[in-house]
Amino acid sequence: FKLPQGHLCFDAAKAGDELAVKVVDFFADTLGTGLAAVSSVIDPDVFIIGGGVAGAGDFLLTRLEAAYRKTVFHASRDAEFRLAVLG
């Protein structure tokens with residue numbers, strides 16, 4: 001038994017599949033909220049997004065940043081989000 005590759009969901013969302021868009025939005029909201037909680041403890045200047053999800057590129061980063069900014073404390077609002085360049 002092998003689970004589907006994550007990129008399939010992002011590819012479907014980019015193509016406009018409604019269910020895939022909902023899944024990606026839920027993922028981005030959950031990750032953004034979690035990173036907002038982390039930032040209240042360590043106050044990072046930048047978050048580097050790597051691994052398989054980095055392949056979604058700006059499609060993910062836009063949603064992730066919006067979710068983060070919606071829930072983060074004001075003092076940490078300026079954290080940047082970047083994609084890992086080394087894979």
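Where do R69 and E65 lie, and how many residues apart are they? Both are in helix 3, four residues apart, about one turn of the helix. Helices here are DSSP runs of H or I, at least four residues, and strands are runs of E, at least two, numbered from the N terminus.

Some ground rules. This is a predicted model, where local features need pLDDT of at least 70 and side-chain atom pairs count only at pLDDT 80 or more, while totals for chains, interfaces and linings use all residues. Residues are numbered from 1 along each chain as its sequence is written, and side-chain values use heavy atoms, with hydrogens and water left out.

Helix 3 next. It runs over residues 58–71, which makes 14 residues. The expected span is 1.5 Å times one less than the number of residues. That gives 20 Å, and the end C-alpha atoms are 20 Å apart, so the two agree.

Which residues of helix 3 are buried? They are F59, L60, L61, L64, A67 and Y68. Buried means under 20% relative accessible area, exposed means over 50%, and partly exposed is in between, with a 1.4 Å probe and protein chains only. The cover over these residues includes helix 1 (6–14), helix 2 (18–42), strand 1 (46–49) and strand 2 (80–83).

Now the charges. Side chains of opposite charge can pair when their charged atoms come close. A salt bridge here is a side-chain nitrogen of Lys or Arg within 4 Å of a carboxyl oxygen of Asp or Glu. The structure holds three.

Take D25 with R63: the closest N and O atoms are 2.7 Å apart. D25 sits in helix 2 and R63 in helix 3, so this pair ties together parts 38 residues apart in sequence. D25 is partly exposed at 30%, and R63 is partly exposed at 25%.

Back to R69 and E65. They form a salt bridge, with the closest N and O atoms 3.4 Å apart. R69 has a relative accessible area of 24%, E65 has 26%, and both count as partly exposed.

Then E80 with R82, at 2.9 Å between the closest N and O atoms. E80 is partly exposed at 40%. R82 is partly exposed at 43%.

Last stop: S39, in helix 2. Is S39 buried or exposed? Buried, at 2% relative accessibility. S39 touches P44, F47, Y68, V72 and S76, leaving aside residues up to four places away in sequence. Contact means heavy atoms within 4.5 Å. One of those partners, Y68, is also among the buried residues of helix 3.
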